[in-house]
Amino acid sequence: PLNDTIVQKFGPRPDSALAPGHYDVVYEATSCCGTKYCRFSIDIIANSSMACKDLNVSLDANCEALITADAVLTSSCPERAKVYLTHYGKPVPNPVDSHYLGQTITATVVDTVTGNFCWSYITIEDKLAPTIICEHDTMSCYRFENLVTPGIVEDCSKYSVRLLDELTEKLDCDENYIKRITRTWITEDLSNQLTDTCVQELLIERFDFDSLLSIIFHTSKNI
């Protein structure tokens with residue numbers, strides 16, 4: 001009918017050039033039967049290529065490293081991209097852990113909207129120095145002779161621990177202890193030569209001869 005009209009109420013002009021983005025469009029149709037609306041959306045997707053870069057990534061204090069699209073991409077939109085990690089074709093968990101330390105893995109980044117993708121090579125490193133924690137203690141002579149390590153060493157890589165220095169102070173006038181030993185330990189990360197040291201203080205208990213004689217005396221009486 002000649003009285004029918006269609007009017008655009010919202011959205012870009014039909015003859016306009018649209019930039020990448022999302023556009024809502026509303027049309028109004030009026031006739032003798034009344035008024036109806038037609039609503040639809042237009043999504044313009046940029047046809048941009050993707051580019052990835054190779055990385056050296058260091059593990060954190062938890063011996064993990066999260067590989068993100070933002071870190072790998074040099075272009076495109078990282079917020080809509082997904083990262084897939086592999087090592088010789090086998091899937092690698094993300095975050096990456098110390099099992100892949102010193103290895104080079106492949107990161108494939110896929111744009112979930114366009115399907116475009118790129119890949120890069122990522123080498124997993126450990127740039128944090130090891131942390132050594134010395135535990136102070138009180139012990140017998142026997143236990144001291146068998147003491148090997150200073151306490152706790154935290155590191156993602158292989159490491160070595162060795163005694164750097166030892167000072168002994170005799171405690172002749174102390175009723176409970178015969179000497180105080182101060183040891184300085186050093187640990188070295190075998191992958192990057194970073195080191196850490198700590199100082200450990202040990203008190204060696206004085207042997208209780210009176211208790212020993214008492215035990216021998218009571219034992220002999222009961223024989």
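Two strands count as paired if DSSP finds at least two bridges between them, with helices (H or I, at least four residues) and strands (E, at least two) taken as DSSP runs numbered from the N terminus. This is a predicted model, so local features need pLDDT of at least 70 and side-chain atom pairs count only at pLDDT 80 or more, while totals for chains, interfaces and linings use all residues. Residues are numbered from 1 along each chain as its sequence is written, and side-chain values use heavy atoms, with hydrogens and water left out.

On that basis, three strands make an open sheet in the order β1-β2-β3, and the pairing is antiparallel. The edges are held by β1 (5-10) and β3 (34-44); each has a single partner strand, so one side of each goes without a neighbour in the sheet. From one strand to the next, the twist averages 25° (axes are lines fitted to C-alpha atoms, and angles run from 0 to 180 degrees between N-to-C directions). Five bridges link β1 to β2 (residues 21-31) in the antiparallel sense, and Thr5 has Thr30 in β2 as its bridge partner.

Now for the chain as a whole. Its secondary structure amounts to three helices and 16 strands. Of the 223 residues, 23% are buried (under 20% relative accessible area, 1.4 Å probe, protein chains only). Take the contacts (heavy atoms within 4.5 Å) between residues at least 6 apart in sequence: 51% of them join residues at least 24 apart.

Key:
Buried means under 20% relative accessible area, exposed over 50%, partly exposed in between (1.4 Å probe, protein chains only).
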